[in-house]
Amino acid sequence: MTTSRSTPPRGGTAGAARGRSAARDPRPAYQCDACGHQPPKWVGRCPECGEWGAVVEHTVTGPTVSGRVVSSRMPSEPARPIATISAAPARAVPTGVSELDRVLGGGLVPGGVVLLAGEPGVGKSTLLLDVAQQWAVGAGTPSLVVSGEESVSQVRLRAERMGTLHEQLYLAAESDLASVLGHLDAVKPGLLVLDSVQTISTTGTEGVPGGVTQVRAVTAALVSVAKERGIATVLVGHVTKDGQVAGPRVLEHLVDVVLHFEGDKHSSLRLVRGVKNRFGAADEVGCFEMHEGGISSLADPSGLFLTRYAEPVPGTCVTVAMEGRRALVTEVQALIGATVAGSPRRTVSGLDSARLAMVLAVLQRRTERLTLHDREVFAATVGGIRVVEPAADLAVALAVASGGLNLAIAPNLVAIGEVGLTGEVRRVGAVPRRLAEAARLGFKVALVPAGCGPASTGAGPEQMRVTEVTDVRSALHHAARASAE
């Protein structure tokens, strides 16, 4: 009897060996540092998010890595009932700057990392130098300011001008991460201010200072040190041309709090707006005023956005805008120019140009005596504040109508509401809070959308006469009647 043996296909053994080797050996792969997209090959620009130079090579162990079984191990700290865990380590420590504490939710948390972003020259370094000095005075622990853009002499001159000299406030000028960690070992601060994170680099990571890889590595290291030692850390970040935080998107996910510092260089008003906050509300806004002596908090900024007139002036109307949870009484001004041939100009400052164009179209269509299609229109807010929410539509409409008809609106009247394309006045949020702020500043008459008055909501200032209006035409009628009284 002949015994037959099956022979493997030619090349089968060698092919299986090559397959096992390929499964064990690392193979190159590529991933975008900004969005995490994995292209099949290296490209200069990520096809997903469009970032240049963000695609880098990393190593994976093989296609079976996601399917392998991960063995369990003993955790470093066992899970405990939530009632037995102390919340004291997460308590916020006030910085001494009231408006910043308002945005942060009470102050800086030991071990928390805050990213403060803003345009160059807006006042980030000035604000944080004041915060570091207040911390050194009130917290009882040293504060350390590390500047990667200025020398210690330059920071000292600013501190003298601001009056923020204190023996517990330490300064250093470094651009290397290892040196920054050395200063932390020597000073042992309770607060670290790093200005800015884009100027710090580490020798253990490839890339140029300020690049995607360097910024991510430096931020991750500082976050780890802050959590381990309980150091409240504030990182200053640059912004791009469109106002976004420069660097990889993962930078905002690494930190606990993201703040945007906003302001017009032609105005003294500065706003700190919360974008992300793991320790409090993320919709708060802090108001500051820049002056020769530095920067100071504005607990009541509404007066900056109003103009007091001896006599009523046509082309003005007052509204109440919401910045986060804060109600700000704001004046809107409109100037109607002469009739021009062709396309008339529509110029805005502090308002949304698209919403102004919509309001002008509604007024042209829904009112009889107002002609705007061939006249130049200029609209602006007072005090440098930017109001883009729809709740200001009614005030813009009344200001434009007042200027076009040369009819002055009563100076004690406020208008709140969104204007629709059919001329209706729609409901907006936080009307009781807006009315309370207007009443506090002495306004006596308010025009609000239907369903937002005291009779509908059950809340409203007793010293204010609140009138519900359904459309732009009725709002103009009530505004004219209030002016005649």
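Predicted model: local features only at pLDDT ≥ 70, side-chain atom pairs only at ≥ 80, totals over all residues.
Which strands does helix α6 lie across? Residues are numbered from 1 along each chain as its sequence is written, and side-chain values use heavy atoms, with hydrogens and water left out.

Let's start with the whole chain. It holds 12 helices and 20 strands, taken as DSSP runs (H or I of at least four residues for helices, E of at least two for strands) and numbered from the N terminus. Of its 485 residues, 44% are buried, meaning under 20% relative accessible area with a 1.4 Å probe, protein chains only. Among contacts (heavy atoms within 4.5 Å) with a separation of 6 or more, 66% link residues 24 or more positions apart.

Now look for the open sheet of 9 strands, which runs β5-β4-β6-β7-β3-β8-β9-β10-β11 with mixed pairing; two strands pair if DSSP finds at least two bridges between them. Its edges are β5 (169–173) and β11 (294–297), each pairing on one side only. From one strand to the next, the twist averages 20°.

Within this sheet, β8 (residues 257–263) and β9 (residues 269–277) are antiparallel partners over 7 bridges. You can find Leu259 opposite Gly274 in β9.

Back to the opening question: helix α6 (residues 212–229) lies across β3 (113–118), β6 (191–195) and β7 (232–237). The helix runs at about 160° to β7, with angles going from 0 to 180 degrees between N-to-C directions of axes fitted to C-alpha atoms, for helices over the stretch in contact.

Key
Buried < 20%, exposed > 50% of the residue type's maximum accessible area, 1.4 Å probe, protein only.
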